[in-house]
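Below is a short report on one protein model and the ligand placed in it. Please look at the structure first, then read the sections in order.

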Amino acid sequence: MDQSRTDQPATKLIASPDQAARLLRAGELVAFGTETVYGLGADATNAQAVARIYEAKGRPSFNPLICHFPSAEAAFRHVRPNDLAEKLARKFWPGPLTLVLPRQAGCPVSQLAGAGLPTLAVRVPAHPTARELLTLTGLPIAAPSANRSGRVSPTRAAHVLADLEGRIAAVLECGPCQVGLESTVLDLSGEMPALLRPGFITREMLEAETGPLASAATPGAKPVAPGMLASHYAPTLPVRLNATAPGPEEAYLAFGPAPAKGLIFQLSDRQSLTEAAANLFEGLHWLDEHATRQGCAAIAAAPIPSTGLGLAINDRLSRAAAPRAAPLAKPFR
Ligand code: TXA
Ligand code: MG
């Protein structure tokens, strides 16, 4: 299992956006500064690179990540903007506002970056070096804050190095962050705009453009962090965990050993947790689609070791297997 990255060379502190862009295009992890906090960047279209973000952070579950772009035009090629999104983008981008919108059909961002959701969070940062990097890279860059899970978000390159030295390829020196607080997250994918995370762009600033916003405090409105919502990860079929082999009417989510016949999605035949993490949401979507069509009654999931990234994989699998109050109308809603 390629869980430990102890073989990784020392993390480089670099000053060249061009070098950082080359590393990102090669699937490496590069931290870079934005006006809010330093982000831990990876090519969002490369599921293995995205899996390594979770590995480096030691994150026990897969929360959806924000994709960063150099311009609203680039962002809106990956999601479907509505009129309000266009208006807010004109007013606040580039800047510390993240918009959650439905993915475009054929959007190349990996399922893992979006944690299997039909929506994607997009942001155009204002920091000039970050924008230069994003332009040079020419790819959507997934980036959560560049700290180990449970630690404080970094606002200087030195903070990133102190926390992630040896776990990532490089940190691009971008100076101290001006805002120092993560971006405001606004969900525009539902009937009513919903504030998911407060930030530097305040509710008042947003409401001047949008009218009243829903939030956790609004009666009747319950926007929640997707990581907390069990049903986001539930396929339509029941999921049986720790299955060393599928039963007669079961499709199989394999991790290594697998039967020769039947409906099987292999997470990683070499039992790499990084590869399995990269394939997990693709696998659940694929099995759900094909298993229903082929008349399977359930999905059996192979046992995954609960070490390193295995914790995050098992977190999602146990949510997928959790008892449901009512049959789900659609997968992953
Ligand atoms: O300022 C920032 O936003 C920093 C810098 C690096 O850009 N990034 C950051 O990313 O804070 P992260 O991954 O720590 O925060 C992402 C937030 C989480 O609260 C997550 O639940 C939410 O955005 N999010 C991401 N995708 C989502 C989606 N499809 N639907 C709803 N919420 C989403
Ligand atoms: Mg964070």
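## Model and confidence

This is a predicted model, in which local features need pLDDT of at least 70, side-chain atom pairs count only at pLDDT 80 or more, and totals for chains, interfaces and linings use all residues. Residues are numbered from 1 along each chain as its sequence is written, chains are lettered from A and ligands numbered from 1 in the order in which they are written, and side-chain values use heavy atoms, leaving out hydrogens and water.

The pLDDT is the predictor's confidence in each residue, from 0 to 100. For the protein its mean is 89, and 89% of the residues reach 70 or more. Over residues 227–231 the pLDDT stays under 50, and the model has 11 contacts (heavy atoms within 4.5 Å) for them beyond four places in sequence. Residues 326–333 also have a pLDDT below 50, with 20 contacts in the model beyond near neighbours in sequence.

## The shell around ligand 1

A residue is near a molecule if one of its heavy atoms lies within 4 Å of it. There are 22 residues around ligand 1, and Thr36, His68, Arg123, Ser183 and Arg197 come nearest. The shell divides into 13 nonpolar, 6 polar and 3 charged residues; here Ala, Val, Leu, Ile, Met, Phe, Trp, Tyr, Cys and Pro count as nonpolar, Asp, Glu, Lys and Arg as charged, and the others, Gly among them, as polar. Strands are DSSP runs of E with at least two residues, and helices are runs of H or I with at least four, numbered from the N terminus. β4 (66–68), β6 (119–123) and β10 (194–197) each supply at least two residues of the shell, and β6 gives the most, with 4 residues.

Polar contacts are pairs of N or O atoms within 3.5 Å. A polar side-chain atom of His68 lies 2.7 Å from an oxygen atom of ligand 1, and one of Arg123 lies 2.9 Å from an oxygen atom of the ligand.

Two strands pair if DSSP finds at least two bridges between them. Four strands form an open sheet in the order β11-β14-β12-β13, with parallel pairing. β11 (239–240) and β13 (264–266) are the edge strands, each pairing on one side only. β12 (residues 250–254) pairs with β13 over 3 bridges, and Tyr252 stands opposite Ile264 in β13.

## Two backbone details

Trp93 and Pro94 are joined by a cis peptide bond, with omega about -10 degrees. Pro94 is in the loop between α4 (83–92) and β5 (97–102). Asn242, in the loop between β11 and β12, has a positive phi near 55 degrees, although this residue is not glycine.

Conventions
A polar contact is a pair of N or O atoms within 3.5 Å; within protein, one must be able to donate a hydrogen and the other to accept it, and residues adjacent in sequence count only if both atoms are side-chain atoms.
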